[in-house]
Amino acid sequence: MTRTIICAVAVSALAAGLALGQQDPRGTLERLERAARQSPRDAAAQAAYADFLDQHRDPRARQAYQHLFDSAAGAAKLQAARRLAVLDLLAGDRESAARRIEAYRAAGGADLTMPAASSVSGETGTVEIPGPLRSFNRMAALSPDLPAEELIGALARNIITNGYQATSGSESLEPTEYLKLVFRYMSQAREIDKLADSAKVLRVETCDSAQTGQLLKTLGFRMRGGCGSDVVLETVNATRAFLTMDSGFPLAELEEALRTNRPFSYDYQPTKIPVLYSAEYWLSAREKQSGEFIDTFMSDPSLCRLYLGMSKIDQDTADQLRRALPVARIRAFAHVFDFFGGMFRLRDGKAVIPGAPKSTAAWTEMVGASPDQGAEFFGALVAKDDGWMASYFDSLSRIQGPTLDYLTDPARMKRFYAALRGKITSPGPARPVFRANTDLMLLTTRMRLGRDGRPVIPGGIDVWKTLFTLHPNGKYDGKLTKSAGGWKEPDDVLEALFALSRKAVENEPLKMYLAVSDLERKRSKPLEAATVTRLLRDYRLYSPQYALFSEGPEVSDSTIVAYLDSAAAIRDMHDNLLKADSAGAMQALAGIWQVLVRHKLIAASEEDATLSGLVTPFGKIKSSRDVFDAGRAGVALLLKASHAPANANPQEIMMELMAGTTAPRDAETMGTLIGEMNKVFEAQKLVSLKTLFDLADHLESVSKGEKLNTALVNRLASRVSDLNLPRASLSAQEKNSFSFGFWTEKHIEAERKLNFRSVVDKSSVSPDRLRDARGLLTPLLRDTLVGFLYAHYTPPGAQLVYTNPLFVRSHDFIGIQGSHQTWRTTEVLGSGWPSSAGGRLVGSLATLPYALAEAEQNFLIPTREQALIWGDLVPQMLVSAKLTRWWNVAPEQIHYVALNMRLGESLLAESAFSPSLREKMMDLMERLADPARVRKVSGFIAAGDMARATRLVTPADFYNLGAMAAAQRISSSSSIPEAIRALVAASPDKLSSEAISEAFGTPKPTLANSMRPELLNLRLFPTLMGYSSRLMAESWESNNLYYASLADELYLRPSQLNLLVPDWTQKGLEQIFATHLEDWPALLYSIRVTGDKIRTAERKSRGIESASLN
Amino acid sequence: MKRLATCAILLPLLAQERPTFRVKVDMVVLSFTVTDSKGRYVNGLKPSDFKITEDGIHQKVATFAEGNRPPVQIMEDGSSKPITTTGPVDPEKGGISTDAFVGTNVFVLFDTSNYMYRGFVYASDAIADFVRGLDRADSVAVYTFSRNLSRGAPLSKDRNEVLTGLRKAVAGDDAALYNGLLLTLRDAAKVPGRKVVIVFSNGPDNASMVAPDDVRAVAEDEGIPIYVISTSDVSRDPISSGVFRRIASRTGGKSFFAKTWQKQVEAFESIREDLGNSYTITYYPQPNPNEGFRKISVEITSDPGKKYRVSARPGYRPRPGT
């Protein structure tokens, strides 16, 4: 009852905040703080203050609730105790939480109990590794952040992926240099271990002692110079010395001790680490006798695969499988368990299957065992058809909602499985190094159902029938061609797509379906059949451009066709310089349109006409002058569509537009953003739009008899002269070693040679020739337009754009001869010297943000010893940070996200005291995470260990848990659900799921074929063949949500995030120490550490105590 | 015009012996060595012995230092005066301790890529010896690179700290030498005073995105000499060797091709000698319409016979707006 009263007050306070437009949270805090101070006995005032702090993750919330607990009585007191227990647990203070629960119970509360701090690791044994863990981790390339229970699994993964290589001339495997070094290290560590005393401490008392010589000999070093200040350690045995250094032995400290003749000691305890079940379980009788577990383990890659597979399965399920199935049988299918076992789950002795209960009979029939048989079901599943059935099970288990219902219809499920499986099952999808069911996962995840509950087939079935039967792009599959003639239903097409999903190559129609389906997804009306036909026909040539059309849902069919027509006209050009300039200018204008549409600077009603107006003139290009005119007209059209003031300086206004807004509420941030982009523009020596357009206008005037404006011409000449760069000093041998870039060199060379004054002088006799002379400005205009996009997407930590002044000009729209890269994805080429002239981007501008991030990520500097930048993941993170602009994000939206995350986190902590709440929360969690993760989180929470639980829960999980819990009205000890409801009531449009998705989403060019930011709320993808970690990175939606929550906590304005998010992202990425390509916990840990540092610094500056890591 | 205003503000500050020597970002730091016809260092020259020109425009020297001795301020009448520090310095406000101009800030860039696998430990030993032997006034940082740069030991005068960082280096992965060199130069550029970068590498680069001459241009502009010690045989990689020679000579540094440990030690010894025998002059460029490459010339007025040889960077590109 008191809760209700308290919440009513809190809500009214919050509503008051909302009335102020949620613009002044600091002011609200001050008011509440004042009220609480003035009325120390007023429970409502105390509660409102404490709730506000709690909602903003302010560490003073505990103090405020403590005051409420001390001063209030009855239900208010109970409520405060309950909340304090939750906050204590979140802060990692289990003991204090236990005292709160006691107090809660003493005050009359009966529904909460403190969980026992029992072990949550299940059945485990321990194994020993010689020497310190830190050294072993360094040698085995394991992150020091890995929890102990995950070490052996991570080691197993490294052994599988990096430990062995095929022997030339035979099928056997031999250890790689990596593994040899680990073995050599362990041998050295065992020798050093023998030099340690009984307490396993290495001690060197004096420089001239016998131990010194022995230790140095083992380490591979010797002393140069006598004992005393001259002593220096130098290598005597390179192999040993390498291991000593590479393992991080404290050599400098030893040398210093010897030099100063002080004792040296170093703890050399062998490390005990947990192993699943016991060491004995994993070893055969013969192996048990052969020596240490760790040596045997690393010597057997199949054993490593078995361990890895079992470690990925939900622990209860794995235990039951282990008991039910002979180890030899599990080992035989370890590769299938490894890739597809993660979604296996046994509950009450039965297998949990997708689509149950209606699919139970079908699964029984397909697998040959009933889900009711529990472990036997999974035993049969993995043994079936070399992993195809398991991969099907895995893909279906990862989806939910209507698509799952549709695909698990018994008859349909069997039909699509038969198509997927085919007649020849080997090699199965678990055989390669990466799991090979990428397209199956994409198909099941991205398939669309219409309002009628049937799959949407873009353009209708006939379009696809024609594709397979008339095969305008070539034949795909004889059997499918034959069957296509009889297609009548969407399922007929889907069946063909499932059949193609088993192929890693030659499955073009499936990729076409995904691309066109995604293009159509957000459109207000479906694509016409003729348009789909054209898109399919042109897929090979222009498919990377299709993402552009999905950016604007109002883009018409005719504009899409016009774009493709113009692209085709440019493709047919024979003059490569003209082709490159035309493609560059058109793509850059379209790219700028894309940015302006994304940031709502072009209204939805003007999207289509603007894009159409931009691209149509490029279909009729005959000369450079035409390109210039089309480019200039395009700029004018973009400025008009974004309602720029007439007669404004086009350069300045375009820069403002590219910064993301024309009406900034934060001039300081806007100024900095524009400054950053101008810096890129300046470093690239690009010519301003104003100079170019003024010159063109002036030529027109001169052709009519006006005198030449020398100052204007000189301005251009001075800029062009800057292009004479240091590369001129390259030797002939160096130039000859360059492997590509011919057309780019010609483009730059043409600009360097441009002598506009001379051209004008020579043309002065003919007004027409003078007017034509503006065509000479075309290469410069192309570079300027392209440069706007480079400047807009330049990621944090960039160096190339500031160091290589020809980087933008080097964008190669032609590519290597015969490669036809003009309309393909943007690629990074030319790394490594001297085989290239420095890195450059090649291809179209379609995926420029990613390619730019991929090139610039090389300049991030890892802050952790031994860590390297995670090449497959980092570009996506950089793109997400940079592509997003925060001008249109409202403070209410930031607060809403923060509150939902807080609610999710809070309810998980609260569930430690309440098994029934835990059950509800884990049911929600199962929609977001695989069973193994859910089981671990549940176990940690049940033991009251929130620190370890939250290591496995992402910010996106917290947000989704909070949102689902709020929707289901799950009861909470906090005021957060009421605050969420108040916010939604005040701003329903801004807080709709679509609005939140748009505000905090990330681009997903491979997963959703679009750069348009959105939240998909999918389970994290694993690494997949053909994509490595890229799909996982795209399904990672936590960064923007986390930083939004942090901004809310620190009372920052959304506009400030335009600068802060890229900066925080860079810091977070430089902090990552990942062990393997699926090590997302390392990413999670790094952003939390970064957030904690930011939080600590900010609170320190405000005189508030530091919060714990959360 | 802007340039003159900066100087006008600076000089009265110095005249009043304010505690902080304020350095504007457009100050040019020029380090060079002078050798005679036999290659021996020429020491003991005075500020008045030098005539510095930029594109032929005479420059007024602001400070002068020889070797690791503290710099002196050159007054209007040509006399010199020690720069003293009498109060606190706030780096956030552009204040720099005069201590920053004493000694050299040495950035060692150590190649730990797969290419250096075999010579890794010996290279580490050679660098350790070099660090130990540096003048006490010098600060030193050890950075390592493979695919990425790693700041193994940040700039410090504490040799033990630096050696600990050096000995923690981890070997392996691709080699992005020029990326690493660029990032090292960017760090060095933020440090006031004299600085050099010493690259210790086998030579091959299979991962850099930036070309050597773009990196060289940064070193030229920032006035940071690059010394290169290559452990590779020159004949095995003539292109890398050529690049090494070029970036070293164009920035006022030197290149050494030292395959053996002994040769590497000698190379380091030579660099140490260079550091101890070089002159450092700072000046604020006189107005110059040239926004492109400005050619620097150092003339020794007391050597009319031109017997001495000056090794200095040939010029630089001014930052925009200066």
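Is A:Asn1017 buried, exposed or partly exposed, and how many other C-beta atoms lie within 10 Å? In this predicted model, A:Asn1017 has 17 other C-beta atoms within 10 Å and is therefore partly exposed, since a buried residue needs 20 or more such atoms and an exposed one has 12 or fewer. The residue sits in the loop that runs between β14 (1010-1014) and α56 (1030-1035) of chain A. A:Tyr1051 lies in the loop between α57 (1038-1049) and α58 of chain A. With 17 C-beta neighbours inside 10 Å, A:Tyr1051 is counted as partly exposed.

Most residues other than glycine have a negative phi, and most peptide bonds are trans. Two cis peptide bonds of chain A are described here. One runs from A:Ala356 to A:Pro357, with omega near 5 degrees. A:Pro357 belongs to the loop between β10 (350-351) and α20 (360-367) of chain A. The other joins A:Ser426 and A:Pro427, and its omega is about 0 degrees. A:Pro427 is placed in the loop between α24 (410-421) and α25 (438-446) of chain A.

Helices α20 and α24 of chain A also pack against each other. Two packed helices are described by the angle between their axes and the distance between the axes. For α20(A) and α24(A), the angle is about 30 degrees and the axes are 8 Å apart. This angle makes α20(A) roughly parallel to α24(A), because angles under 35 degrees count as roughly parallel. The crossing of α20(A) with α24(A) is right-handed. On the side of α20(A), the contact is made by A:Ala361, A:Ala362 and A:Met366, while α24(A) contributes A:Pro410, A:Met413, A:Lys414 and A:Tyr417. Of the residues in this contact, 6 are nonpolar, none is polar and 1 is charged.

α48(A) and α58(A) cross in a right-handed sense. Helix α48(A) supplies A:Val874, A:Met877, A:Leu878, A:Ala881 and A:Lys882 to the contact, and α58(A) supplies A:Val1061, A:Pro1062, A:Thr1065 and A:Leu1069. These contact residues comprise 7 nonpolar, 1 polar and 1 charged.

In chain B, 6 strands form an open antiparallel sheet in the order β7-β6-β5-β15-β2-β17. Strands β7 (80-82) and β17 (309-311) of chain B stand at the edges with a single partner strand each, so one side of each has no neighbour in the sheet. On average, neighbouring strands of the sheet are turned by 30 degrees against each other, direction ignored. Within the sheet, β5 (residues 61-66) and β15 (residues 278-283) of chain B form an antiparallel pair over 5 bridges. B:Glu66 is placed opposite B:Tyr279 in β15(B).

Between the chains, 45 residues of chain B are in contact with 43 residues of chain A. Elements of chain B that each supply at least two residues to this side include α2 (120-133), β11 (149-156) and α3 (159-167). The chain B side that touches chain A has 23 nonpolar, 11 polar and 11 charged residues.

Key:
Residues numbered from 1 in each chain as written. Chains lettered and ligands numbered in written order. Predicted model: local features only at pLDDT ≥ 70, side-chain atom pairs only at ≥ 80, totals over all residues. Pairing = 2+ DSSP bridges. Helix = DSSP H or I, 4+ residues; strand = E, 2+ residues; numbered from the N terminus. Axes fitted to C-alpha atoms, helices over the stretch in contact; angles between N-to-C directions. Contact = placed C-beta atoms within 7 Å. Nonpolar A, V, L, I, M, F, W, Y, C, P; charged D, E, K, R; others polar. Left-handed = near helix turned anticlockwise from the far one by under 90°. Parallel < 35°, antiparallel > 145°, perpendicular 65-115°, else oblique.
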